[in-house]
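Subject: Structure handover

Hello,

Please find the structure below.

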Amino acid sequence: MGLDIRLPIGFMFILVGALLGFYGHFGPQEIYQRSLGINVNMHWGVVMLAFGSIMTLLGSRAHKKK
Amino acid sequence: MELTAIDWLIMAIYFVFVLGIGFALKRYMKTSTDFFLSGRSIPAWIAGLAFISANLGAQEVIGMAASGAKYGIATSHFYWVGGVPAMVFVGIFMMPFYYGSRARSVPEYLKLRFDEKTRGFNAISFAVMTIFSSGISIYAMGLLLKLLLGWDFNVSVWVSAAIVLVYIFLGGLTSAIYNEVLQFFLIVFGFAPLVFLGLRDTGGWGGLQERLARVATENGYAAGAWSHSWKMLDDPSSNPMGIEWFGLAMGLGFVLSFGYWCTDFLVVQRAMAADSMLAARRTPLIAAVPKLIFPFLVILPGMIAIALTYKAGASGFALPKRPDGAFNYDLAIPMMLVHYFPTGLLGLGLTALMASFMSGMAGNVTAFNTVWTYDIYQSYIRKDASDEHYLWMGRMATVFGIVVSVAAAYVATVFNNIMDMLQLIFAFVNAPLFATFVLGMFWKRATGHGAFYGLLIGTLGAAAHHGLSLPKGALAGVKGGWFATLHTYPSEMAQNFWTAIYAWTACFIVTIVVSLATKPREDKDLVGLVWSLTERPKDEGSAWYLRPGFLGIIVMLLTILVNVIFW
């Protein structure tokens, strides 16, 4: 039905992933005590960014085929 | 717990996308079929993820983690025994009738196969159930957000209800389905780091096992009671669930699970929206794959929480207690989120939690608006209106459904027992229904009178069993025994399973007896509705590895494998 759901999912994950990754890299580091010393924002942000990119790629390829 | 700007920003992004999907789909909603059935245009993978996501409401997420803490890995029976097999069955054997009959809802199938009164009985009980489920979902959310973040109950309830309202009102079922797929990924990505951090805190799988052994022995069970799913089921007294394997296999594995996955329109509706018969049959099979994996996402955190409570890890996490001194198991996931997630990821985790509440609510509301419009309004109130009118009615039913759900949420705040009460009603209504469907689809001699009286007696049978039995240590009342106490079960769960078994058996026998005494319909009227009179769907057009039969076998083999691994 018109809209390929992979595109909004992809965009949202790219946006949130980039935000988390950026904050993890440049933001305060003392907050990671609670996550057992791991900078989970940065790591998980990158994973989400990658997932979002794959979704966007799949969605836009299907869109072009049409 | 204080949130910072980045947490708020992540929540805001989610809300913008959820509403954006609704607005983007608005222009495609031209007919009532578009609104209620997504114009039967949804690809299998989307329908499959929505199928599982509609079931992944908050009660599921919160409740399964709570059970994981309370009963250990045996909670996985709700997935690997009480979920996947029934999903394979509905995909392979039942979907040909649901999809092939062109029925627009589960009650409408009952009308085509049996008669008007059977449809009416199911439509009305289902409509009431969905509204209350959705109400309880937002009630639980309001309560949780108040406890965790100190948010105002009224604001949380009304804002989340308004968001769900807007996206369904605009984009109908498609909007609900698309958002369910988004919510699915969000829930996975929001909770996965929790499992990682929790396991790290227990010192990995080995450390978790060692701690769980301690939980078991300190509670008077053998060391493996929390980490084995089948080993302790030979006797009700040797496992914390208080259940033996037969009650589990029959009550949960057969009656309750098949009753839910095969007849509940909330999930079946997602498959009915698929773009072809093949896609509809694949829908539950695709959904079965995440269902196999979810125990690691929702049950494991509960097990980690209880393990760390008995022997603390480096971070000092422990489950909070209720005023009466018992553990508050329901807070396992929420408290872990707040404990382990730093600002940023915390926003994501809370958004995932809210997404699960919303997907549960939206699933109920879309099932309600369809059953109301087609099975109640069009059948009994206004028969021959234009399609435009029914589309309008669907939107009005969405508004009405949401407003009544919110009202139900407020009712729940007044009555302490309403949750238990509703659980009970669900068991009464859902358990016998599967007998009606099995006989309806696979025995052409079953008649409308048989189905109706079978359902009625099955429901009353469930009530009678409940009224005559009581779980150990409970007081007579909403927990049972309100008639007399003839039997005491070791646990509430054992009582539930047996209530379902009695209800199913009563419905099965009465339907057969009454059917044999009444006049059957002619064969020609039952083509496409009954197994023996319907041509088998041909899958030759698709690759062998995509055929439902093959997918079903693979999923079942994987299910056996996980059961053996965690034996």
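Thr118(B) sits in helix α8 (residues 116–149) of chain B; helices here are DSSP runs of H or I with at least four residues, strands are runs of E with at least two, and both are numbered from the N terminus. The model is a predicted one, in which local features need pLDDT of at least 70 and side-chain atom pairs count only at pLDDT 80 or more, while totals for chains, interfaces and linings use all residues. Residues are numbered from 1 along each chain as its sequence is written, chains are lettered from A and ligands numbered from 1 in the order in which they are written, and side-chain values use heavy atoms, with hydrogens and water left out.

Is Thr118(B) buried or exposed? Thr118(B) is buried, with a relative accessible area of 0%. Buried means under 20% relative accessible area, exposed means over 50%, and partly exposed is in between (1.4 Å probe, protein chains only). Not counting residues up to four places away in sequence, Thr118(B) touches Leu110(B), Gly448(B), Ala451(B), Phe452(B) and Leu455(B); contact means heavy atoms within 4.5 Å.

**Nonpolar cores**

A nonpolar core is a set of buried Ala, Val, Leu, Ile, Met, Phe, Trp, Tyr and Cys residues joined through side-chain atoms within 4.5 Å. The largest one has 189 residues, and those touching the most other members are Ile9(A), Tyr14(B), Tyr98(B), Phe185(B), Phe191(B) and Phe437(B). Helix α9 (residues 153–202) of chain B gives the most to this core, namely 21 residues. Setting aside neighbours within four places in sequence, Phe185(B) is in contact with Ile9(A), Phe13(A), Phe51(A), Met55(A) and Leu49(B). Another core, of 15 residues, lies apart from the largest one; Val81(B), Leu233(B), Phe497(B) and Ile501(B) are among its members.

**Where the chains meet**

Chain A puts 28 residues into the contact and chain B puts in 41 residues. Together they bury about 3100 Å², 84% of it on carbon and sulfur atoms; buried area is the accessible area (1.4 Å probe) that two parts lose on being put together, summed over both. How many salt bridges cross the interface of chain A and chain B? The count is zero, where a salt bridge is a side-chain nitrogen of Lys or Arg within 4 Å of a carboxyl oxygen of Asp or Glu. On the side of chain A that touches chain B, α1 (6–26) and α2 (40–65) of chain A each supply at least two residues. The most comes from α1(A), with 11 residues.

**Two residues with positive phi**

Most residues other than glycine have a negative phi. Ser38(B), not a glycine, has a positive phi of about 55 degrees. Ser38(B) lies in the loop between α2 (32–37) and α3 (44–55) of chain B, and at 0% relative accessibility it is buried. Arg102(B), also not a glycine, has a positive phi of about 60 degrees. Arg102(B) is in the loop between α6 (84–100) and α7 (106–113) of chain B and is partly exposed, at 49% relative accessibility.

**Cysteines**

A disulfide is counted when a pair of cysteine sulfur atoms lies within 2.5 Å, and the count over all chains is zero.

Regards
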